Amino acid sequence: MESKGSLNMNILILGSGAREHAIAWAVKQNPKCSRLLVAPGNAGIADIAEISKTNIENCDEVVDLAKREKIDFVIIGPEAPLAAGVSDALKNNGFLVFGPTQAAANLEVSKSFMKEICTSANIPTAKYANFNDLVSAKKYIAEQGAPIVIKADGLAAGKGVTVAMDLPTAYQALEDIFSSGSKNLETKVVIEEFMEGEEASFFVLCNGQKLLPIGTAQDHKRVGDGDTGPNTGGMGAYSPAPILTEKIEDSVIEEIIKPTLHEMERRGAPYQGVLYAGLMIKDEKARLVEYNARFGDPECQPLMMRLGAQVLDLLIATSNGDLDECHISWADDHALCVVMASIGYPGKIKKGSIIKGVRNLSSSSSQMCFHAGTTKEANNLVANSGRVLSFTARGKTLAEAQSVAYEMAKSIDWKEGFYRTDIGWRALL
């Protein structure tokens with residue numbers, strides 16, 4: 001392997017979503033990247049990188065791939081490989097890796113573990129209780145009343161949360177979780193008080209006790225305009241998030257992020273990677289909703305658009321312990337991402353429809369179409385997932401970025417797809 005952070009690096013990115021396409025796009029612009037491999041990738045990623053159809057949740061397969069391709073640096077995109085211990089396996093074989101250990105990734109993998117950390121470190125969050133049987137959980141909800149929040153205690157691709165505004169919805173969410181047969185964890189469900197306010201995302205790079213804030217974003221989780229309908233993995237996002245003022249950011253670092261890092265280190269699981277804090281903000285005070293152990297999708301797309309080539313240097317520095325020497329170069333700009341999904345998402349969808357018009361889109365440092373659920377069949381671009389494309393644009397203002405992103409979306413010929421028409425509405429008010 002090359003020396004850490006040297007020129008002419010062979011880089012491997014694990015993942016197949018628009019998040020990984022955006023990371024690959026940013027990394028590719030850095031002169032340190034001489035060869036880029038992505039596993040398993042998608043049709044859009046295949047235009048800028050080599051593709052390997054490796055099972056990225058299989059530690060042995062990933063390590064074998066990294067050895068075979070003489071990889072110098074591995075970037076783990078999604079949460080599933082982290083939960084499977086892929087980061088640990090790579091590090092144990094001498095590879096430089098961006099992504100927390102399996103133990104540290106528990107901050108995302110187990111919602112009950114995250115809540116336990118909050119309690120131990122006195123971190124502001126919602127009142128909660130854990131349950132592993134349906135009867136006790138239902139009794140608790142009846143006592144607490146609605147609105148109330150029901151969370152499956154495991155990975156659920158961003159869709160394991162139900163904000164129940166009435167008791168029947170809460171009971172149904174419990175039934176769904178306990179009938180799913182999940183064998184992930186002892187705790188099946190975490191039930192939380194409903195927190196009022198505005199939700200936003202705060203991203204920091206962490207190396208044990210060191211941290212570097214790298215941006216804010218807001219996403220739109222609900223499937224429909226006006227934030228209506230069921231939760232999804234995310235229908236769009238923008239960066240920066242105006243509600244996260246410098247004052248609130250400072251308080252989040254001191255009251256939420258730093259205590260978390262101290263507690264994780266105390267438990268022998270120091271956190272190294274990106275820590276994504278989902279926050280609820282009301283009256284200029286933030287409470288922690290959840291942690292993610294990776295970049296969010298779709299929040300990653302506008303972040304990568306704004307950061308560009310320096311992303312690779314930041315990720316390498318995080319992984320080899322040089323965060324103290326890092327400085328981020330921010331442009332005074334905005335970026336916005338509109339997700340185009342298959343009709344029926346987040347429920348049942350039909351795969352295999354042909355998407356036209358993507359090849360005609362401009363690609364530049366200020367606008368990109370990042371692919372998520374795409375593949376190629378007989379030279380056609382085909383949808384094969386719920387979320388399919390992410391139209392992402394930069395602008396001097398958020399309104400300018402929004403306008404360009406929607407121009408891109410409107411130019412696509414795909415009658416089996418849909419998108420929200422109001423991404424960014426909160427900030428633009």
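These questions and answers cover the fold, packing and backbone of a predicted model.

Q: How many helices and strands does the chain have?
A: The model is predicted. Its chain holds both kinds of element: 13 helices and 23 strands.

Q: What radius of gyration does the chain have, and why does it agree with a compact globule?
A: The chain has 429 residues. A compact globule with 429 residues would have a value near 22 Å, so the chain agrees with that rule. The C-alpha trace spans about 60 × 50 × 45 Å along its principal axes. The radius of gyration of the chain is 21 Å.

Q: What share of the contacts between residues at least 6 apart joins residues at least 24 apart in sequence?
A: Burial comes first: 56% of the 429 residues count as buried. Contacts between residues at least 6 apart in sequence are then sorted by whether they join residues at least 24 apart. The share that does is 71%.

Q: Why is helix α1 largely enclosed by the rest of the structure, and how many of its residues are buried?
A: Buried means under 20% relative accessible area. Helix α1 covers residues 18-28. Its buried residues include Arg19, Glu20, His21 and Trp25.

Q: Which parts does the pair of Tyr406 and Tyr419 tie together?
A: The two rings are tilted, at 5.9 Å centre to centre and 45° between the planes. Tyr406 is buried at 8% relative accessible area, and Tyr419 is partly exposed at 23%. The tyrosines are 13 residues apart in sequence, so the pair ties together helix α12 and the loop between β23 and α13.

Q: Which residues form one aromatic cluster?
A: The structure holds six aromatic pairs. Rings pair if their centres lie within 6.5 Å. The cluster consists of Phe98, Phe203, Tyr276 and Phe295.

Q: Is Lys70 buried or exposed?
A: Lys70 is in the loop between α2 and β4. Its phi is positive, about 55°, although Lys70 is not a glycine. The relative accessible area is 61%, so Lys70 is exposed.

Q: What is the phi of Glu284?
A: Most residues other than glycine have a negative phi. Glu284 lies in the loop between β15 and β16 and is partly exposed, at 48% relative accessibility. Its phi is positive, near 65°.

Methods
Residues numbered from 1 in each chain as written. Predicted model: local features only at pLDDT ≥ 70, side-chain atom pairs only at ≥ 80, totals over all residues. Heavy atoms only, no water. Helix = DSSP H or I, 4+ residues; strand = E, 2+ residues; numbered from the N terminus. Rg over C-alpha atoms; globule rule 2.2 N^0.38 Å. Buried < 20%, exposed > 50% of the residue type's maximum accessible area, 1.4 Å probe, protein only. Contact = heavy atoms within 4.5 Å. Phe/Tyr/Trp six-rings, centres within 6.5 Å; stacked < 30°, edge-to-face > 60°.
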